[in-house]
Amino acid sequence: MGLLFDRHYRPLFGFFMNLTRQPALSEDLTQEVFLRVLRYSASFKEGSAFRPWLYRIARNVLADHQSRLQPLTHLQEAEQVADTRPDAHQVAEAHADRVLLGQALSRLPQEKRELLLLYKDPDLSSQDLATIFGCTPSTLKVRVHRAMNDLRSLFFQPQEVTS
Amino acid sequence: MMCQDFQTEILDGQKKEAATDASKALAEHLAQCADCRDLQRLMEGLNALPHPDPPEGLSQRFHQRLALELAATSKSHPFLGSWWMPLSAAALLLLSAGMSLGFLLRGGRDDSGMARLRRGSAADRMEAIALVNQQNSGPVEMVPALLDRIGHDPSLEVRLSAVEALYIFCSDPEISPRIELALSAQDRPEVQLALIDLVAALRQRRAAEALRRLIREGGLPAEVRQRAKQRLAQMSL
Ligand SMILES: [Zn+2]
């Protein structure tokens, strides 16, 4: 049984961490995804790729979690962003970039954040992503482009969106 | 070319299927266009985001939770009991090779639980598992289905996954001779190797069981008993 879990839990945990920044929550969500994989294994289509299916479940698990706990999650996120901001100027530029990028990402709407975090994953093809997000590959490209543009506005004018 | 085209090139460059070296035109454009440079910088930034390592013990905790979940399932459906767990485990192994459980079980009676097991919804599937269990199939039907895949499937990946799935049925006392038969009939060297590992694992398991019995029954000279314990500790199974 270990095989499937061992092969996929690290990237999945990283995905949740980059989205939520909460280790305990990310672990919980990761476990929940695999339990659902087991529960719904009959709905997996033979011969189709496993990873897109896994990440579709992952997005549902996160959405379910947030629909239960939305106000709290937002609050925690906002606090974390505020905490990291003062340090940004005191550290190396690369690190500052990363901090700012993290902040910009956390201010993107959830769906766009998920899209970009999965788009950067070299193990997921454009076709995989189209499957995960339920659209055609060309629509997906347009959506990635838009999300990148939004990210750019947040990244280069961070002060304008602080509220 | 316009900025739009270069930006498309930057975004496409992220995906494997388009991974050619960035064009010379793009490099020249980037040297003079701050807008596109920003996009490139952001894409690089996304790639450089840390991959947070999972906390120690996550995998262990998951398996504990899984065991609890499965125990709860068999409590509410007592008849699922003993083989729901191995079956689920087999389902997971097969999924990792891009197959469903039904794929391996093709050829079962069409109106049986097995048939519903390979197509239904989650609820259907639970019901099917109960049904199959009542018909007293379970591992009895799984093992031959797996052996059949090992012997005849055109895909190497499928054959190897089926060998892996067989580990789940290690405790079935009748499995050894069947695996040895499968080994002698096997024509793919990779599968032969995997089967040899499985045979070795089974032998080691049997040896460990024999040692455990010996120690439990007692009456051994202290030195012999000590050696038996030592050997047992060295065995991983
Ligand atoms: Zn440009």
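Helices (H or I, at least four residues) and strands (E, at least two) are taken here as DSSP runs, numbered from the N terminus. On that basis chain B comes out with 13 helices and zero strands, so the run of elements from the N terminus is simply α-α-α-α-α-α-α-α-α-α-α-α-α. The model is a predicted one, where local features need pLDDT of at least 70, side-chain atom pairs count only at pLDDT 80 or more, and totals for chains, interfaces and linings use all residues. For bookkeeping, residues are numbered from 1 along each chain as its sequence is written, chains are lettered from A and ligands numbered from 1 in the order in which they are written, and side-chain values use heavy atoms, with hydrogens and water left out.

Of its 237 residues, 40% count as buried, where buried means under 20% relative accessible area, exposed over 50% and partly exposed in between (1.4 Å probe, protein chains only). With a contact defined as heavy atoms within 4.5 Å, residues 24 or more positions apart supply 54% of the chain B contacts that have a separation of 6 or more. The chain exposes about 13000 Å², and 53% of that comes from carbon and sulfur atoms; these areas are from the Shrake-Rupley method with a 1.4 Å probe, and for residues only the protein chains shown count as cover.

Next up is the metal. The zinc ion is held by B:Cys3 (SG), B:His29 (NE2), B:Cys33 (SG) and B:Cys36 (SG), at 2.0 to 2.3 Å. Donors here are N, O and S atoms within 2.8 Å of the metal (3.2 Å for Na, K and Ca), and sites may look incomplete because water is not among the atoms. What arrangement do the four donor atoms around the zinc ion make? Tetrahedral, because their angles run from 99 to 118 degrees; four donors count as such if all angles lie between 85 and 135 degrees. Along the sequence the donor residues follow the spacing C-x25-H-x3-C-x2-C. B:Cys3 sits in helix 1 (residues 3-12) of chain B and B:His29 in helix 2 (residues 24-32) of chain B, 26 residues apart, so this pair links distant parts of the chain. As for cover, B:Cys3 is partly exposed at 31% relative accessibility, while B:His29 is buried at 14% and B:Cys33 is buried at 11%.

On to the rings. A pair of aromatic rings is described by the distance of the centres and the angle of the planes. Rings of Phe, Tyr and Trp (its six-membered ring) pair if their centres lie within 6.5 Å, and planes under 30 degrees apart count as stacked, over 60 as edge-to-face and the rest as tilted. The whole structure has four aromatic pairs over all chains. One of them, A:Phe15 with A:Tyr55, has centres 5.4 Å apart and planes at 85 degrees, so it is edge-to-face. Because A:Phe15 lies in helix 1 (residues 2-20) of chain A and A:Tyr55 in helix 3 (residues 50-84) of chain A, the pair ties together parts 40 residues apart in sequence. Both A:Phe15 and A:Tyr55 are buried. Another pair, A:Phe34 with B:Phe62, is also edge-to-face, with centres 5.8 Å apart and planes at 65 degrees. This pair joins two chains, because A:Phe34 lies in helix 2 (residues 23-39) of chain A and B:Phe62 in helix 4 (residues 58-76) of chain B. Both A:Phe34 and B:Phe62 are buried.

Notes. Tetrahedral: all angles 85-135°; square planar, octahedral: opposite > 155°, others 65-115°.
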